[in-house]
Amino acid sequence: YGADILRLWVMNTDYADDQRIGQEIIKTNVDAYRRLRNTLRWMLGTLAHYDGSKPAGMPELERYMLHRLAETETLVLKAYRDFDFKKAFSAIFNLMNTDMSSFYFDIRKDALYCDPVASARRKAALHVVEQLFRSVVTWLAPMLPFTTDEAWMHRYGEDGPSVHLEPFAACDPAWQQPALNARWEKIRKIRRLVTGALEVERAEKRIGSSLEAAPVVYIKDDALRSIIENVDD
């Protein structure tokens, strides 16, 4: 499987307890690694033509993702300082798998693929993907040195400095917006109900892609309904 898989097993092991390794344990780490690598690959493809220009404005969804990135940074840096590598990896993996791949990228891929090049929404999304890429790659570098070096060189060129000479990408404290986070956590709860219903329809072969569906959502809570009605991201 390669050295990075073995390193990932080490990072996921609680060194205060007995160490266990076997085919099933390795397979679990291979599955986690594949998800991380696929996420990095998607970001590299998305950023291939991004010139680094900053957007004039930032939609709510992008500001929420920057908040989640800043929140995760706090967890990751504390875990590294405490030599709690398992917790550091868990925080990064949850961000990449739950917040990025399953949520943000799933929503923004249509805008990234279909919006005009000059679209403000597309530019904002590319800027955020760049911030996410720099952060997760530098955070993962001590754990997955070969994979992160490969990803970094692909993005910034083989003649540039190695990712292992880079400090952890720093988040702007202004990205922390607790009120915005609380609002979007409510939105995500509603979204999970809808995506769950779509999975049932897909399993029953009544739809293929989720784009074929037109779900109708009933919400009794007036405040929650107001939040959902005002989402235009």
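At 11% relative accessibility, H127 counts as buried. Buried here means under 20% relative accessible area, exposed means over 50%, and partly exposed lies in between (1.4 Å probe, protein chains only). The model is predicted, so local features need pLDDT of at least 70, side-chain atom pairs count only at pLDDT 80 or more, and totals for chains, interfaces and linings use all residues. Residues are numbered from 1 along each chain as its sequence is written, and side-chain values use heavy atoms, with hydrogens and water left out.

H127 sits in helix 5. Helices are DSSP runs (H or I, at least four residues), numbered from the N terminus. Contact means heavy atoms within 4.5 Å. Residues up to four places away in sequence set aside, H127 touches Y50, K54, P55 and M58.

Helix 5 covers residues 120–140 and has 21 residues. Of these, 17 are buried, so helix 5 is largely enclosed by the rest of the structure. The expected span of a helix is 1.5 Å times one less than its number of residues. For helix 5 that span is 30 Å, and its end C-alpha atoms are 30 Å apart, which agrees. S119 caps the N-terminal end of helix 5. A side-chain oxygen of S119 lies 3.3 Å from the backbone nitrogen of R121.

I92 belongs to helix 4. With a relative accessible area of 0%, I92 is buried. Neighbours within four places in sequence left aside, I92 is in contact with T72, V76, W139, L140 and M143. I92 and V128 are 36 residues apart along the chain, and their C-alpha atoms are separated by 16 Å.

Charged pairs come next. Side chains of opposite charge can pair when their charged atoms come close. A salt bridge is a side-chain nitrogen of Lys or Arg within 4 Å of a carboxyl oxygen of Asp or Glu. The whole structure holds 15 salt bridges. One of them joins D106 and R191, at 2.8 Å from N to O. D106 lies in helix 4 and R191 in helix 7, so the pair ties together parts that are 85 residues apart in sequence. D106 is partly exposed at 33%, and R191 is partly exposed at 23%.

D115 forms a salt bridge with R121, and the closest N and O atoms are 3.0 Å apart. D115 is buried, with a relative accessible area of 18%, whereas R121 is partly exposed at 34%. Salt bridges that share partners also join R68, E71, D99 and R188 into one network. The side chains of K87 and D84 meet in a salt bridge at 4.0 Å, N to O. K87 is exposed at 51%, while D84 is partly exposed at 28%.

Most residues other than glycine have a negative phi. F83 is not a glycine, yet its phi is positive, about 60 degrees. F83 lies in the loop between helix 3 (60–81) and helix 4 (85–114). Its relative accessibility is 52%, so F83 counts as exposed. K205 is not a glycine either, and its phi is positive at about 65 degrees. K205 is found in the loop between helix 7 (178–203) and helix 8 (222–229). K205 is exposed, with a relative accessible area of 73%.

The loop between helix 1 (3–11) and helix 2 (23–46) holds R20. At 53% relative accessibility, R20 counts as exposed. R20 touches W9 and I25, not counting residues up to four places away in sequence. R20 and L77 are 57 residues apart in sequence and 27 Å apart in space, C-alpha to C-alpha. I21 is also in the loop between helix 1 and helix 2. L6, V10 and I21 form a nonpolar patch on the surface, with about 270 Å² of accessible area together. Patches are made of residues with over 30% relative accessible area and no salt bridge; like charges are joined within 9 Å, and nonpolar side chains (Val, Leu, Ile, Met, Phe, Trp, Tyr) within 5 Å. Accessible areas come from the Shrake-Rupley method with a 1.4 Å probe, and for residues only the protein chains shown count as cover.

Technical notes. Helices (H or I, at least four residues) and strands (E, at least two) are DSSP runs, numbered from the N terminus. A polar contact is a pair of N or O atoms within 3.5 Å; within protein, one must be able to donate a hydrogen and the other to accept it, and residues adjacent in sequence count only if both atoms are side-chain atoms.
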